[in-house]
Amino acid sequence: VFFVHNFVFAQTQRALELRQNVVSIDAEDQSGFGFITGERNGKLFMVTAAHVVEAALETDQKVNIKFFQDYNSYEAKILRNYPNVDVALLEADKPSGFSWVASSLGVATNNADVAFIGREQSWYVPSGNALGSIYNLQNNLIEVDITSVMQGTSGAPLIVESGIVGMIIQTDGIKALAVDLNQL
């Protein structure tokens, strides 16, 4: 008898559960991702990499966002920009009937396996050999060995089994750098 197991890594499973929290961002000539950090009075608050929205901020252009499994585009406002840590805070009206996972945060530790959500304007979630591992936690930054992060992933959440631990801000194709959740 031959059994096939459909094994999903814990961090991949957690990422799949959290796709609803992730937004695709189109700002001027940049695209990337962000994720919801809070909600108040019908407004959603999201973080992204500041360099994704920088050109829109300089030219006073609008930032457009899309939610998972929603084909509509929504306008977001840039509330704060922290270029020294490559973080921007956005605000948008919450779409009618939209829900997200409020208990989505995790804790980063060295050697933890990680996934992320978002690449090439899709809600891509890596698995298997595309997963990475945290190798350094220092100065509110997380360094990760990972080859599946590509251009267009900036602002995507970095996820361990327990939840979101940071936000990806750059990659060189072999490793990625993320801002630690504590900094966000």
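## Helix H2 and its packing

The buried residues of H2 pack against strand S1 (22-27), strand S2 (30-40), strand S3 (43-48), strand S4 (63-67), strand S5 (74-82) and strand S6 (87-93). Contact means heavy atoms within 4.5 Å. Helices (H or I, at least four residues) and strands (E, at least two) are DSSP runs, numbered from the N terminus.

This is a predicted model: local features need pLDDT of at least 70, side-chain atom pairs count only at pLDDT 80 or more, and totals for chains, interfaces and linings use all residues. Residues are numbered from 1 along each chain as its sequence is written, and side-chain values use heavy atoms, with hydrogens and water left out.

## The buried face

H2 spans residues 50-59, and its buried residues are Ala 50, Val 52, Val 53 and Ala 56. They lie on the same side of H2 because they cover an arc of only 135° around the axis. The arc is that of the directions from the helix axis to the C-beta atoms. Asp 60 follows H2, with a positive phi near 60°.

## The nonpolar core

The largest nonpolar core holds 56 residues; Ile 25, Val 53, Val 63 and Ile 65 touch the most other members. Strand S11 (residues 163-171) gives the most to this core, with five residues. Such a core is a set of buried Ala, Val, Leu, Ile, Met, Phe, Trp, Tyr and Cys residues joined through side-chain atoms within 4.5 Å.

Leaving out residues up to four places away in sequence, Val 53 touches Ile 25, Ala 27, Thr 48, Val 63, Ile 78, Ala 88 and Leu 90.

## Asn 182

Asn 182 sits in the segment after strand S12 (175-180). Asn 182 counts as exposed because its relative accessibility is 68%. Buried means under 20% relative accessible area, exposed over 50%, partly exposed in between (1.4 Å probe, protein chains only).
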